[in-house]
Amino acid sequence: MKMLEHEKYMKLCFDLALKGAGYVSPNPMVGAVIVKNKKIVGKGYHKFFGGHHAEVNALNNAKENAFGADLYVNLEPCSHYGKTPPCVEKIIQQKIKRVIIATRDPNPLVNGKGIQKLKEAKIEVIENVLKDKAIEINETFFKYIQKKLPFVALKIAQTIDSKIADHKSQSRWITNHEARQRVHILRSRYDAVMVGANTVKIDDPQLTVRLVKGKNPIRVILDGKFELNPGYKIFKNAKKIQTLIFVDKLTYDVNKIKVKEFQALNVKLIPMKTKNKRIELKEVLKILYNFNIASVLVEGGQDLITGFLNKKLADRAYIFIAPKIFGDGLISISNKLKRSIKNPIELHNINVEQISDNILIQGKIKY
């Protein structure tokens, strides 16, 4: 079979995989297609964490038509017992003839072992079909497994002259409704959304998914000085939507009444050792990793965004630009970040999209 035909079916796997966005983390997004005599006889994708994997759903969909067929999947089938039995065993039992894979699973429990078991069962394996695209689709999973840290994306909504608020600290709304809808889609696909205490004080945001259908992310707030009180909107529904606040441990220890007020609202306070009440971002990410949070969307403010760039901890940027000019106002990235024309931070593999009269520029961050 020609490579173009392999790519055609693999692209369909990608489309299926993306249907699981926001629901399968910290597992990867996976889609599977079963082809026999050049006809699709089965399809499936990983729908939710703890549920059947894509290959099993596709095999169940194909039923007896799986015998002697080709199985396409964007990630190497698992070969170990986790939340579900190994997919490789069912593939062998259903007597699939050939398995076409986009990329190996980076998880050491799987990496290469699933392929080895398939080959031992005399099943032909073809690898690396649209490999780069497959890795990009699951970029959050690859970093989570390989670096043991969540994938971090920065979301910036700014004017043409890089302002995220005017001279009165007003920022609602810089971008248009369609752009804000896109932000809500992003929120639904990331495990957590993060802001600093100043953003809560100034904007009083909810950080929920409202403009589109989708799951709400875990809300994460960095409040080194422990200045916030329980009266803000973001804490009103914390019994339904998990909300975390990272605070300075010494300040936490002497504010027992406030601690109890937050605990009564089901807000999880995480005391940390700080440097001058400033929370170490990498330590926050390590804790979030231990909570099985594989991806974080950082929505501001200026200090937090600049801090992630300075520490080289951000992986992707979504920059929404509105056709407006403020002049005086708050810029998106402060002058605490100092890079020269010879050594700028750059966006690679960029995509530029017009959203009504706004522009979205997104890309991988290269330091």
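Arg-187 is found in helix H7. The model described here is a predicted one. Arg-187 has a relative accessibility of 8% and therefore counts as buried, the limit being 20%. Its side chain reaches the backbone oxygen of Thr-208 at 2.8 Å. Thr-208 is also among the residues that Arg-187 touches beyond four places in sequence.

Helix H7 spans residues 177-189 and contributes to the lining of the second largest pocket. The volume of this pocket is about 820 Å³. Its lining comprises 35 residues. Nearest the centre lie Leu-18, Met-29, Ile-137, Arg-189 and Tyr-318. H7 provides the largest share, with four residues. By residue class, the lining of the second largest pocket holds 17 nonpolar, nine polar and nine charged residues.

Arg-189, one of the residues nearest the centre of the second largest pocket, is also in contact with Ser-295. Ser-295 belongs to strand S12, residues 295-298. With a relative accessible area of 3%, Ser-295 falls under the 20% limit and is therefore buried. The side chain of Ser-295 reaches the backbone nitrogen of Asp-191 at 3.0 Å. Beyond four places in sequence, Ser-295 contacts Thr-140, Pro-150 and Phe-151, as well as Arg-189, Tyr-190, Asp-191 and Ala-192.

Asp-70 counts as buried because its relative accessibility is 8%, under the 20% limit. A polar contact of 2.9 Å links its side chain to that of Arg-98. Asp-70 and Glu-124 are 54 residues apart along the chain, yet their C-alpha atoms are separated by 9.3 Å.

Arg-98 also figures in a second pairing across the sequence. Lys-119 and Arg-98 are 21 residues apart in sequence. Their C-alpha atoms are 9.6 Å apart in space. Lys-119 lies in helix H4, residues 113-120. Its relative accessible area is 45%, so Lys-119 is partly exposed, between the limits of 20% and 50%.

Most residues other than glycine have a negative phi, and most peptide bonds are trans. A cis peptide bond joins Ser-25 and Pro-26, with omega about 10°. Pro-26 sits in the loop between H1 and strand S1 (31-36). Another cis peptide bond joins Arg-172 and Trp-173. Here omega is about -10°. Trp-173 is placed in the loop between strand S7 (163-166) and H7.

Positive phi values occur at two lysines. Lys-63 has phi near 55°. This residue lies in the loop between helix H2 (54-62) and S3. Lys-63 counts as exposed because its relative accessibility, 55%, is over 50%. Lys-95 has phi near 60°. Its place is the loop between helix H3 (87-93) and strand S4 (98-101).

At the level of the whole chain, 13 helices and 16 strands are assigned. The C-alpha atoms fill a box of roughly 65 × 45 × 40 Å along the principal axes. The radius of gyration is 23 Å. A compact globule of 367 residues would have a value near 21 Å, so the two agree. Buried residues make up 52% of the 367 residues. Among contacts with a separation of 6 or more, 74% involve residues 24 or more positions apart.

Note on methods. Residues numbered from 1 in each chain as written. Predicted model: local features only at pLDDT ≥ 70, side-chain atom pairs only at ≥ 80, totals over all residues. Heavy atoms only, no water. 1 Å grid on protein atoms, 1.4 Å probe; cavity = no way out; pocket = protein on both sides within 12 Å on 5 of 7 lines; lining within 4 Å. Points joined across faces, edges and corners; volume = space filled by probe spheres on them. Nonpolar A, V, L, I, M, F, W, Y, C, P; charged D, E, K, R; others polar. Buried < 20%, exposed > 50% of the residue type's maximum accessible area, 1.4 Å probe, protein only. Polar contact = N/O pair within 3.5 Å; in protein donor to acceptor, adjacent residues only side chain to side chain. Contact = heavy atoms within 4.5 Å. Rg over C-alpha atoms; globule rule 2.2 N^0.38 Å.
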